[in-house]
2 protein chains.
Amino acid sequence: MTQVASDPTGLHRVLDEPAVLPQAAQRLDTRAELWPDEVRIRVERLNLDAASFRQLERTHEGDGSAVRDEVLAIVAARGKMQNPETGSGGMLVGTVEAVGESSPLGLKVGDRVATLVSLTLTPLVIEDGLARWDGRSEQVPCDGYAVLFGRSIAAVIPDDLAPELSLAVMDVCGAPALTARIVRQYDAPTVAVIGGAGKSGSLSLAAARDAGAAQVLGVVPHQAEADLLTGAGIADHVVIADARDPIALRDAVTRAAGGPADVTVVCVDVPGCEGGAILSTAERGTVIFFSMATSFSAAALGAEGLAADVTMLVGNGYVPGHAAYALELLRAHDGVRSLFEGRARG
Amino acid sequence: MTQVASDPTGLHRVLDEPAVLPQAAQRLDTRAELWPDEVRIRVERLNLDAASFRQLERTHEGDGSAVRDEVLAIVAARGKMQNPETGSGGMLVGTVEAVGESSPLGLKVGDRVATLVSLTLTPLVIEDGLARWDGRSEQVPCDGYAVLFGRSIAAVIPDDLAPELSLAVMDVCGAPALTARIVRQYDAPTVAVIGGAGKSGSLSLAAARDAGAAQVLGVVPHQAEADLLTGAGIADHVVIADARDPIALRDAVTRAAGGPADVTVVCVDVPGCEGGAILSTAERGTVIFFSMATSFSAAALGAEGLAADVTMLVGNGYVPGHAAYALELLRAHDGVRSLFEGRARG
């Protein structure tokens, strides 16, 4: 047994010298033996971050077995799934197989859970070579184990929803919770969600309305998504624009909403949306960046270069109660549910 | 004369296809001829962004002439000074040499100005090969010209301060203005400034006190900086910690301040400070990231991984009135002025 005491942040499993937090680490200790405050999960499925999966897909030109080999190599080398290019990971679902005697998480052996902390800081061992995955979808069937720390967050999967659906909702549950909090700071605001037909986007639209937005607007890249979002009935306006084209995005948002948005929520996983989001937002408005493809310097310098007095938030994936809130929104809005179920089938 | 109409954002000078905003562009049109809403500046000095300059210095192992050659190559290729690695630029000082007939900036020929928009979106031509620069300092004597757009921001350099001092203050003037705005949202908060002895850091400390902070704390990397900051008398507590070591930073801040900070301001130009800043901040507190070395994904995933309910802001370099406010703080605080003058000499 080790001599090192555990830290709720997982610091005791960091192998880098000098020590950094698990998320920043090159390599984690993946031993199966638990520290007293840890929990071990038997993994059933990984859900890769969309930006990460797309980067892998692009790099290997859609060759699924090359994508699979790279994921295996990353996890073997780092002891966690963290795409070195995008810095992002994803989440997982599995069953609790061991609980340390002083774990504060309230889980018991046999609970079926989804982790709400990123794979980028979760010790992970893959034991089946991902043999059941074709490398062509971000949903990865997997046998292996993962470790949760004292301060990790995991949610028991509810009985009334299909597990894949719960997992997909929990994966993006930070977005609606933070959107609702920010929308409440304004008086009957206009809210624009870039990528409104996606998972985090549709939940954010529902959250914005729930939190008192006067009008909610969803931006989508093409007609098929526009039809989906219009059919879901969760946006007052659905507009088609390329979010990477700042002038086109600004013009589309202001025309549909009768002016710029008070709150703009960026939920698309493509780089280069910072300028358009800033230009679409009113003075003293707020842009919330949830996309992992966001560039810090593009946002900071973009706003400065445009002399735009907007508040720009790094989308924090953690807000207390976020998983329960997102599941509630899904249950309350058939349109959100249909978008999620449509994507799962697609 | 061109057929393209000008846009206040400078879009008409972007050579990329499809068009992006000037800051995101690979290449700008640097023709000396002005569109009607533009202003041409005769450049006297460039002030490279600190993160950019350090990256160049590291890459070329301190070889000044190699650093100079790379800056010349970047500006020749892109028509602007934007470090491809850091994405950042800097600012410039010069004299107005031509004003378009419909420029809204209120400048006249002969005004000595500093640009408050980034070099990353400012068309720039260097005409002297940077012959007077040894490549060893971020202050670059330069002859050439630059172009301002309708929405660019430039400030006339005040008469009562040395031009180098005004320039150094204006370069970081977004930090104190945004810090003051956020500090006012809390009731007598504790404010920690990481990199408190630096330019943006010392102004942010002064701004925090000015805006009603109950206690202000400056974090510095070693004893020499601690002595400087203590001597300046602008912080209630001066603590030494490596900001890249999250646990050390958290422990140093909470020990000195009697608990975590309500507002943490990150002003150091080194990567890897996200985790420590998050851990040093109280629940429902705010972290403001001003460093261009900030990683968006490290911040987003770090907070999520630590289950930290903190608001994280991308430090927007533009807040109305920012230059005047920063100059006022400098005039009012001898300690801030002494730190700036000490750095200029060093």
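A:Asp7 sits in the segment before β1 (39–48) of chain A, and in this predicted model the residue is buried without a salt bridge.

**A buried aspartate**
- The nearest side chain of opposite charge to A:Asp7 is B:Arg250, 4.3 Å away; because a salt bridge needs a side-chain nitrogen of Lys or Arg within 4 Å of a carboxyl oxygen of Asp or Glu, none is counted for A:Asp7.
- Leaving out residues up to four places away in sequence, A:Asp7 touches A:His12 and A:Asp37 in chain A, plus B:Ile247 and B:Arg250 in chain B.

**A glycine in a loop**
- A:Gly135 lies in the loop between β4 (124–126) and β5 (139–148) of chain A.
- With a relative accessible area of 2%, A:Gly135 is buried.
- A:Val67 is 68 residues away from A:Gly135 along the chain, yet their C-alpha atoms are separated by 5.5 Å.
- Beyond neighbours within four places in sequence, the contacts of A:Gly135 are A:Phe53, A:Gly64 and A:Val67.

**A helix crossing in chain B**
- Helix α5 (residues 199–210) and helix α10 (residues 322–332), both of chain B, have axes that come within 10 Å and cross at roughly 90°, which means α5(B) is roughly perpendicular to α10(B).
- From α5(B), the contact draws on B:Leu203, B:Ala206, B:Ala207 and B:Asp210; α10(B) contributes B:Tyr325, B:Ala326, B:Leu329 and B:Leu330.
- Seven of these contact residues are nonpolar, one is charged and none is polar.

Notes
Residues numbered from 1 in each chain as written. Chains lettered and ligands numbered in written order. Predicted model: local features only at pLDDT ≥ 70, side-chain atom pairs only at ≥ 80, totals over all residues. Heavy atoms only, no water. Axes fitted to C-alpha atoms, helices over the stretch in contact; angles between N-to-C directions. Helix = DSSP H or I, 4+ residues; strand = E, 2+ residues; numbered from the N terminus. Parallel < 35°, antiparallel > 145°, perpendicular 65-115°, else oblique. Contact = heavy atoms within 4.5 Å. Nonpolar A, V, L, I, M, F, W, Y, C, P; charged D, E, K, R; others polar. Buried < 20%, exposed > 50% of the residue type's maximum accessible area, 1.4 Å probe, protein only. Lys, Arg positive; Asp, Glu negative; His and termini not counted.
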